[in-house]
Amino acid sequence: MFDRGAALNAAMKLFWERGYEGTSFDDLIAAMGISASSFYNSFGSKEALYCEATRTYLEWAGQWFFAILNDPSIDTKTAFARLFEATAEEFTRGDHPLGCMISLAGTHCSPGMKNIRDMMAEHRAFSESAMAERIRKGVIKGDLSEDTDCEMLAAYYNAVARGLAVQARDGASRAKLSEIGRLAMQAWPAEKR
């Protein structure tokens with residue numbers, strides 16, 4: 001019997017590993033274990049499947065990302081330090097492709113796939129805005145000085161996180177990613193006096 005969730009998970013991992021255009025229809029139906037007609041009946045099109053697979057990835061990754069980022073029991077700096085530790089762990093787990101689907105998939109698309117590229121850019125921008133919001137809350141709580149450039153600090157840490165995805169895809173160890181995260185935290189603004 002057809003397991004839609006398992007098929008979607010297989011497609012997500014394939015898109016995560018190869019990107020949208022690097023994943024052929026034949027690769028998809030083989031990985032999903034379904035026929036072409038079942039594919040079209042269940043998912044409609046490759047693009048619709050990609051969008052659904054991306055949402056599935058975001059639900060999974062969002063659980064750990066937002067739980068750490070928005071943990072009210074820790075200060076802002078600790079939240080970011082823990083976020084980088086979790087990122088090192090999640091980007092190097094053995095049960096899925098290395099890195100981050102949002103960071104790596106959909107960055108190179110032909111002009112006809114601008115909608116895919118734009119969708120992925122929006123997802124990347126959303127995580128950066130979530131980081132900026134956490135930093136703004138930290139300023140309000142007194143974790144950071146009032147003159148902190150929240151958007152630029154978030155952009156910096158978002159860029160580091162995206163770089164960790166590339167490092168992971170290139171085979172960097174969890175220890176190396178953790179150390180990069182620790183070094184990045186040295187750029188954290190000095191404590192408010």
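This is a predicted model: local features need pLDDT of at least 70, side-chain atom pairs count only at pLDDT 80 or more; totals for chains, interfaces and linings use all residues.
A residue counts as buried when its relative accessible area is under 20%.

Select Cys 100. Its relative accessible area is 5%, so Cys 100 is buried. Go on to Cys 150, which is also classed as buried because its relative accessibility is 8%. A disulfide is a covalent bond between the sulfur atoms of two cysteines. There is no such bond to display here: the structure holds zero disulfides.

Next, select His 96. This residue sits in the loop that runs between α5 (76–90) and α6 (101–104). With a relative accessible area of 10%, His 96 is therefore buried despite its place in a loop. Show the residues around His 96: apart from those up to four places away in sequence, it touches Lys 13, Trp 16, Trp 60 and Glu 90. For Glu 90, look at the backbone oxygen, which is 3.2 Å from a polar side-chain atom of His 96.

Now turn to the largest nonpolar core, made up of 59 residues. Phe 15, Met 32, Leu 49, Tyr 50 and Tyr 157 have the most contacts inside it. Of these, pick Tyr 157. Beyond its neighbours within four places in sequence, Tyr 157 is in contact with Phe 80, Phe 84, Met 131, Ala 184, Met 185, Ala 187 and Trp 188.

Finish at Asn 41, in helix α3 (residues 36–43). Asn 41 has 69% relative accessibility and so counts as exposed.

Key. Residues are numbered from 1 along each chain as its sequence is written. Side-chain values use heavy atoms; hydrogens and water are left out. Helices (H or I, at least four residues) and strands (E, at least two) are DSSP runs, numbered from the N terminus. Buried means under 20% relative accessible area, exposed over 50%, partly exposed in between (1.4 Å probe, protein chains only). A polar contact is a pair of N or O atoms within 3.5 Å; within protein, one must be able to donate a hydrogen and the other to accept it, and residues adjacent in sequence count only if both atoms are side-chain atoms. Contact means heavy atoms within 4.5 Å. A nonpolar core is a set of buried Ala, Val, Leu, Ile, Met, Phe, Trp, Tyr and Cys residues joined through side-chain atoms within 4.5 Å. A disulfide is a pair of cysteine sulfur atoms within 2.5 Å.
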